[in-house]
Amino acid sequence: MYLKRLELIGFKSFAEKTIFDFPGGIAGVVGPNGSGKSNIIDGIRWILGEREAKNLRGDRAEDLIFAGTPKRSRMGMAQASIIFDNSSGFFPVDFNEVSIVRRIDRDGASKYFLNKAEVRLKDIIDF
């Protein structure tokens, strides 16, 4: 089992769909100040169940959604996906990949998905 990919859409500074592939071995994320490195970690923490916006460097859940720029309007939702390689059978499911997705709308509705099936946060934590 290893982290295969992270996908962020409308999450904090990532307005466009952004995909981070982690091909195995050692991976590092580098870049200048303000490029979103910390937002990548925040995305992973958020997917795995972090509920407190303050722990994700925000004041409220709406702060996780792309706020817009002078050239681009704000987004209505944020979504983050984490995909694990499960070819070793680490997770107790019959899938070679396991995907966990979390989505939040501006109205505050938050949803979780495990391999495209909607689940509760408790199910993600138990999994």
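Which residues of H1 are buried? Hold that thought for a second, and keep in mind that we're looking at a predicted model.

Okay, H1 is the helix covering 37–47. Its buried residues are Asn 39, Ile 40, Asp 42, Gly 43, Ile 44, Trp 46 and Ile 47. And what do they pack against? Strands, it turns out: E1, E2, E3, E4 and E5.

Now, the core. The largest nonpolar core has 29 residues, and those touching the most other members are Leu 6, Leu 8, Phe 20, Trp 46 and Ile 100. Two or more residues of that core come from each of these: strand E1 (2–9), helix H1, strand E3 (77–85), strand E4 (97–105), strand E5 (110–114) and helix H2 (121–126). As a general point, nonpolar side chains tend to be buried together in soluble globular proteins.

Let's stay with Phe 20. Its relative accessibility is 18%, and the cut-off for buried is under 20%, so Phe 20 counts as buried. Skipping neighbours within four places in sequence, Phe 20 contacts Lys 4, Arg 5, Leu 6, Leu 8, Phe 14 and Ile 40.

Searching the whole structure turns up five aromatic pairs. In one, the rings of Phe 14 and Phe 20 sit with centres 5.7 Å apart and planes at 90°, so that pair is edge-to-face. Elsewhere, ring pairs join Phe 84, Phe 90, Phe 91 and Phe 127 into a cluster.

Technical notes:
Residues are numbered from 1 along each chain as its sequence is written. This is a predicted model: local features need pLDDT of at least 70, side-chain atom pairs count only at pLDDT 80 or more; totals for chains, interfaces and linings use all residues. Side-chain values use heavy atoms; hydrogens and water are left out. Rings of Phe, Tyr and Trp (its six-membered ring) pair if their centres lie within 6.5 Å; planes under 30 degrees apart count as stacked, over 60 as edge-to-face and the rest as tilted. Buried means under 20% relative accessible area, exposed over 50%, partly exposed in between (1.4 Å probe, protein chains only). A nonpolar core is a set of buried Ala, Val, Leu, Ile, Met, Phe, Trp, Tyr and Cys residues joined through side-chain atoms within 4.5 Å. Helices (H or I, at least four residues) and strands (E, at least two) are DSSP runs, numbered from the N terminus. Contact means heavy atoms within 4.5 Å.
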